[in-house]
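Good morning, and thank you for your attention. Please look at the structure now shown, and I shall then take you through its main features.

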Amino acid sequence: RIKLRPMYTSVAVAPQSSPDDELSGHAYDICEGGVRIELDQALETGTSARVRLALPGVLDEIRVAADVVWINDPHDDPGPRRMALRFSDFHSAEDWWRLHDYVAQGLRAAA
């Protein structure tokens, strides 16, 4: 898992049940299997969504389908809500490779 600088890592999330209602936020950490994000509005656990990630140093956004797997308790997280998404399907092989390369470079830099 790679820690991200949230102010430089934007995320856009559109629930599949209402794809025109895209929510903007920030990502906190990422791995090849998922991402921890913050949105002003919490999504329910189990929600499927389309996600666009703009990672620092990556020219193209990463587009992926994901499911909400947990949400911070509102008492611990009274402002914008942090939640974790598990990736389920990348838009293209290029999106997967961009994420794979980003995570691999981050792991090498941390070593």
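This is a predicted model: local features need pLDDT of at least 70, side-chain atom pairs count only at pLDDT 80 or more; totals for chains, interfaces and linings use all residues.

I begin with the core. The largest nonpolar core holds 26 residues, and V13, I30, I37, L53 and F87 have the most contacts inside it. A nonpolar core here is a set of buried Ala, Val, Leu, Ile, Met, Phe, Trp, Tyr and Cys residues joined through side-chain atoms within 4.5 Å. Two or more residues of this core come from each of β2 (10-15), β3, β4 (34-39), β5 (48-54), β6 (62-71), β7 (81-90) and α1 (93-110). In soluble globular proteins, nonpolar side chains tend to be buried together.

Residues are numbered from 1 along each chain as its sequence is written, and side-chain values use heavy atoms, with hydrogens and water left out.

Beyond four places in sequence, F87 touches I30, C31, E32, G33, G34, V35, L53, V64, A65, A66 and L99, where contact means heavy atoms within 4.5 Å.

Next, the overall arrangement. The chain has 1 helix and 7 strands; these are DSSP runs numbered from the N terminus, helices being H or I of at least four residues and strands E of at least two. Their order from the N terminus is β-β-β-β-β-β-β-α. The C-alpha trace spans about 35 × 30 × 20 Å along its principal axes.

Two strand pairings deserve mention, a pair requiring at least two DSSP bridges. β5 and β6 are antiparallel, with 6 bridges, and S48 stands opposite D67 in β6. β6 and β7 also run antiparallel, joined by 7 bridges; there, W70 is opposite A84 in β7.

Finally, I turn to D29. Is this residue buried or exposed? D29, in strand β3 (residues 23-31), is buried, with a relative accessible area of 8%. Buried means under 20%, exposed over 50%, and partly exposed in between, using a 1.4 Å probe and protein chains only. The side chain of D29 makes polar contacts with the side chains of R1, at 2.6 Å, and R36, at 2.9 Å. Such a contact is a pair of N or O atoms within 3.5 Å; within protein, one must be able to donate a hydrogen and the other to accept it, and residues adjacent in sequence count only if both atoms are side-chain atoms.
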